[in-house]
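Let's take a walk through this structure together, looking at which side chains meet which. Keep the 3D view open as you read.

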Amino acid sequence: MIPPFKQRRTNQDMSFNEEDARGVKQPHNDPLVIMLTNEGFNTKRTLVDNGSSTDIIYLPVFQQLKLDPERLRPFDSPLVSFNGDRVYPKGIMTLKVIVGTYSRQLTRQLDFLVVDCPSYNVIIGRLTLNRWKAATSTYCLKVKFSTEDCVGEMKGDQVLARECYQAVLAAKKNHTWTIEEEKGDKVEALEAVELVEGEAAR
């Protein structure tokens with residue numbers, strides 16, 4: 001049995017143990033893929049990525065949600081892969097996101113980069129996780145977060161995560177991206193994510 005992991009969050013304790021891992025097929029090396037509500041629509045294939053410095057929504061999802069392009073704000077820095085490929089975001093947009101289930105949920109406004117590149121539908125990065133006062137367990141495939149009254153949680157979809165991984169292997173694609181910033185020689189790390197053609201918002 002793994003020892004419980006505890007972290008103090010605004011007078012609330014968050015811990016993970018074997019009960020949280022119930023239903024997860026072990027051993028595994030699956031990413032944490034959840035569902036959240038984005039602008040009122042349930043959005044599957046949402047990757048929780050502690051290594052990402054920003055939140056991303058991919059263009060097919062943006063189009064399926066029928067979001068108004070006029071809401072996009074300019075974002076000039078490209079995303080750069082290790083092999084030198086560059087992708088310029090279509091812009092940045094603030095969206096209403098709900099994570100968790102009633103009555104243990106959070107509703108927040110998040111800034112997403114809109115990117116025209118096949119991958120997960122949405123990526124939630126560490127900045128948002130910190131703002132949510134969240135803790136993740138890749139072993140349990142679960143994320144827990146503080147609400148005003150209690151601790152909420154979201155369970156990862158292991159089957160969907162494995163489907164994404166198998167699609168990555170079939171496509172033989174594995175890209176790692178960074179944000180290219182014009183601040184001397186500094187380059188900010190964005191994410192390490194295996195890109196996969198996914199069904200938007202499903």
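**Who holds hands with whom**

With a relative accessible area of 32%, R71 is partly exposed. This is a predicted model, by the way. The side chain of R71 meets that of E39 in a salt bridge, 3.3 Å from N to O. R71 lies in the loop between α1 and β6 and E39 in the loop between β3 and β4, so the pair ties together parts that are 32 residues apart in sequence. E39 counts as partly exposed because its relative accessibility is 26%.

Another joins the side chains of R162 and D30, at 2.9 Å from N to O. Here helix α3 provides R162 while D30 comes from the loop between β2 and β3, so parts 132 residues apart in sequence get tied together. R162 is partly exposed at 32%, whereas D30 counts as buried at 12%.

Now find K142 and D20, whose side chains form a salt bridge of 3.0 Å, N to O. Both K142 and D20 are buried. They also belong to a network of salt bridges, together with K144 and E153. K144 has another neighbour to check out: its charged end sits over the ring of F16, 5.0 Å from the centre.

What about rings meeting rings? There is 1 aromatic pair in the structure. W132 and F145 make up this tilted pair, with 6.5 Å between centres and 55° between planes. W132 sits in the loop between α2 and β11, and F145 in strand β12, 13 residues apart. W132 counts as buried at 5% relative accessibility, and F145 is buried at 0%.

Conventions: Residues are numbered from 1 along each chain as its sequence is written. This is a predicted model: local features need pLDDT of at least 70, side-chain atom pairs count only at pLDDT 80 or more; totals for chains, interfaces and linings use all residues. Side-chain values use heavy atoms; hydrogens and water are left out. Rings of Phe, Tyr and Trp (its six-membered ring) pair if their centres lie within 6.5 Å; planes under 30 degrees apart count as stacked, over 60 as edge-to-face and the rest as tilted. Helices (H or I, at least four residues) and strands (E, at least two) are DSSP runs, numbered from the N terminus. Buried means under 20% relative accessible area, exposed over 50%, partly exposed in between (1.4 Å probe, protein chains only). A charge sits over a ring if NZ of Lys or CZ of Arg is within 6 Å of the ring centre and within 35 degrees of the ring normal. A salt bridge is a side-chain nitrogen of Lys or Arg within 4 Å of a carboxyl oxygen of Asp or Glu.
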